[in-house]
Amino acid sequence: MSGHTVPTDFSGHMLDLDEDEDLEVFSKNTSLADGGPLPNSPSSMVNQYRLDEDEEQQDTNTKDLFITVDNPESHVTAIETFIMYRVVTKTTRSEFDSSEYEVRRRYQDFLWLRSRLEENHPTLIVHPLPEKFVMKGMVERFNSDFIETRKRALHRFLNKISEHPILSFSQHFKVFLTAQELASHKKQGPGFLSRMGETVRAVANSVRGLRSRPEEFSLMQEYVEDFSNKISSVDKVTQRIIKEQREYLDELKQYSPTYTQWAGLEEELEEPLKGVAGCVERCSKETEEQIHHLSEVLVPALHEYVLCAETLKAVMRRRDNIQAEFEAKNEALASKKVDQEALQEEVDGLADRVELANNALKGDWTRWQQSLRTDLKSVFISTAEKNVDHYVKCLAVWESFLLSQRVEPSEKRDGEDAS
C-alpha cells in the first residue's frame with residue numbers, strides 16, 4: 001500500500017478479492033493442489049473451518065447484558081407512518097435498578113442513540129445502523145421483508161454496542177434501554193448553535209488539513225480505503241448474482257411444466273419426460289432455498305461491512321480534525337501574537353485530547369478487526385455449507401433419475417425376445 005511496510009495485523013487479514021484472480025476448479029477424482037487427497041465428504045471439509053465453539057461459549061458465559069429487538073408494530077398518524085420495535089433487556093449489572101426492561105423504540109430513537117455515542121466518543125467505532133431510506137424500486141418501505149431485515153439489523157446494532165467495553169457503559173445507552181420515553185432526554189443534548197459550531201470547526205480543520213499524520217493512522221486510512229473498495233465490489237457482485245439467479249429460477253419454474261405437457265403427447269417417452277419434469281421442479285425448490293440464504297444471510301453481512309467502512313472513514317476524519325485543531329492552536333501559540341497564557345492552556349488540553357483520541361482509535365481498531373474476521377468467517381462458512389447442500393441435493397435428484405432409466409440386462413433380453 002503506497003510503498004509503506006504494512007503491519008501483519010493489516011495485510012494478513014485483508015480480503016484478497018481482485019476480479020482477475022485465477023480460480024482452481026477440481027473434479028471429483030482429483031487431488032488438492034498440494035498433492036493431498038480431497039476430504040471424504042463435503043461436510044468433513046466444512047467442519048475443518050468451524051468456529052471454536054468453546055470460545056463462543058466462553059463469551060456467552062461472561063456476557064452480562066442481553067438485548068432483543070422484536071415485535072415490530074406499525075403506527076399511523078395524520079403526519080407520518082412509522083414502525084415501533086420492542087426492545088427487551090435482561091442484565092445482571094449493578095448499575096441497573098432492575099434485571100429486566102421492556103421499551104418501544106422507533107428508528108429515529110436508534111439514530112439519536114448512535115449520534116450521542118459518536119458525540120461523546122468521536123474516535124470509537126460505533127456500529128452502523130441500516131440506512132433510513134432504500135433505493136426506489138428495490139423494496140417497499142414498510143413491507144414485511146423490509147421490516148424483518150431492519151429489525152434484525154437493529155437487534156445486531158444494540159448487541160454490538162452491548163459487547164463494547166466502553167460504549168456499553170454509556171449513560172445514553174442505559175437511558176435508551178430503560179426509559180419509557182426519550183423526549184425529555186433528547187432535549188438535554190447539545191443545541192442547534194452548538195452543533196453548528198462543531199460542524200464549522202470540523203469543516204475549517206478539514207480544509208486546513210494536517211501537517212503530518214502519524215504513520216500508523218496513515219496505514220489505517222489506506223487499509224480502510226482498500227477494504228471499502230473491495231467489500232463494496234463484493235456486495236454489488238453478490239446482489240447481481242442473486243438477481244441473475246432469480247431470473248434463472250423463473251425460467252426453471254416454466255421449464256418443468258413444459259416437460260409435463262410434452263409427456264402427454266409422447267406415449268413412449270412419457271415416463272422419462274415426467275422424470276425430467278420432477279427433477280427440474282425439485283431442483284428449482286433447492287435453488288429457491290439457496291437464493292433465500294444468500295439474500296437473508298450473505299448480503300446483509302456484506303452490506304453491514306460496507307456501512308462499517310463508511311463509519312471507519314468518518315472516525316478517521318474526526319481523529320484528523322482533532323489533530324488539525326491542535327496543530328492550528330500550536331502554531332498560533334508559536335507566533336506569539338496572542339494571549340500566551342490562555343492559549344497555552346487550550347493547547348495543553350488539545351494535546352491531551354489528541355492522545356486520548358489516538359489511544360481510543362488504536363484500541364477499538366484491534367477489536368473491530370477481530371469482529372470483522374469472526375463475522376465474515378462465520379457467514380462465508382454458512383454460505384459454503386448452503387452451496388454444498390444445494391449441489392449435493394441437486395446431484396442426488398439427477399442421479400436418482402439416471403438410476404430409474406437404467407435398463408436391466410434381463411429386461412433388455414425380454415425386449416429382444418419379444419421383437
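Tutor: In helix 5, the buried residues are Phe146, Ile147, Arg150, Lys151, Leu154, Phe157, Leu158, Asn159, Lys160, Ile161 and Ser162. Here buried means under 20% relative accessible area, exposed means over 50%, and partly exposed lies in between, with a 1.4 Å probe and only protein chains considered. The model is predicted, so local features need pLDDT of at least 70 and side-chain atom pairs count only at pLDDT 80 or more, whereas totals for chains, interfaces and linings use all residues. Residues are numbered from 1 along each chain as its sequence is written, and side-chain values use heavy atoms, with hydrogens and water left out.

Helices (H or I, at least four residues) and strands (E, at least two) are DSSP runs, numbered from the N terminus. The length of helix 5 can be checked: at 1.5 Å a residue, its 19 residues should span 27 Å, and its end C-alpha atoms are 27 Å apart, which agrees. The expected span is 1.5 Å times one less than the number of residues.

Next, consider the surroundings. The buried residues of helix 5 pack against strand 1, strand 2, helix 4, helix 6, helix 10 and helix 11; contact means heavy atoms within 4.5 Å. Helix 4 is described from its own side as well: its buried residues pack against helix 5 (144–162), and also against strand 2 (81–91), strand 3 (100–106), helix 6 (171–178), helix 7 (183–186) and helix 10 (270–335). The buried residues of helix 4 are Tyr107, Asp109, Phe110, Trp112, Leu113, Arg114, Arg116, Leu117 and Glu118.

Leaving aside residues up to four places away in sequence, Phe110 touches Val87, Arg105, Leu129, Leu154, Phe157, Leu158 and Phe176.

In soluble globular proteins, nonpolar side chains tend to be buried together. The largest core here has 29 residues, of which Val87, Phe110, Leu113, Phe157, Leu158, Phe173 and Phe176 touch the most other members. Strand 1 (65–76), strand 2, strand 3, helix 4, helix 5 and helix 6 each give two or more residues to this core. A second, separate core of 28 residues includes Phe227, Ile242, Ile291 and Val379.

Side chains of opposite charge can pair when their charged atoms come close. A salt bridge is a side-chain nitrogen of Lys or Arg within 4 Å of a carboxyl oxygen of Asp or Glu, and the whole structure holds 29 of them. One of these joins Arg152 to Glu296, with the closest N and O atoms 2.4 Å apart. This pair links distant parts of the chain, since Arg152 lies in helix 5 and Glu296 in helix 10, 144 residues apart. Both partners are partly exposed: Arg152 has a relative accessible area of 32%, and Glu296 has a relative accessibility of 26%. The two residues belong to a network of salt bridges that also includes Glu148 and Lys151.

For comparison, helix 4 has a pair of its own. Asp109 forms a salt bridge with Lys186, the closest N and O atoms being 2.7 Å apart. Asp109 lies in helix 4 and Lys186 in helix 7, so the pair ties together parts that are 77 residues apart in sequence. Asp109 is buried, at 8% relative accessible area, whereas Lys186 is partly exposed, at 30%.

How values were computed. Core = buried A, V, L, I, M, F, W, Y, C linked by side-chain atoms within 4.5 Å.
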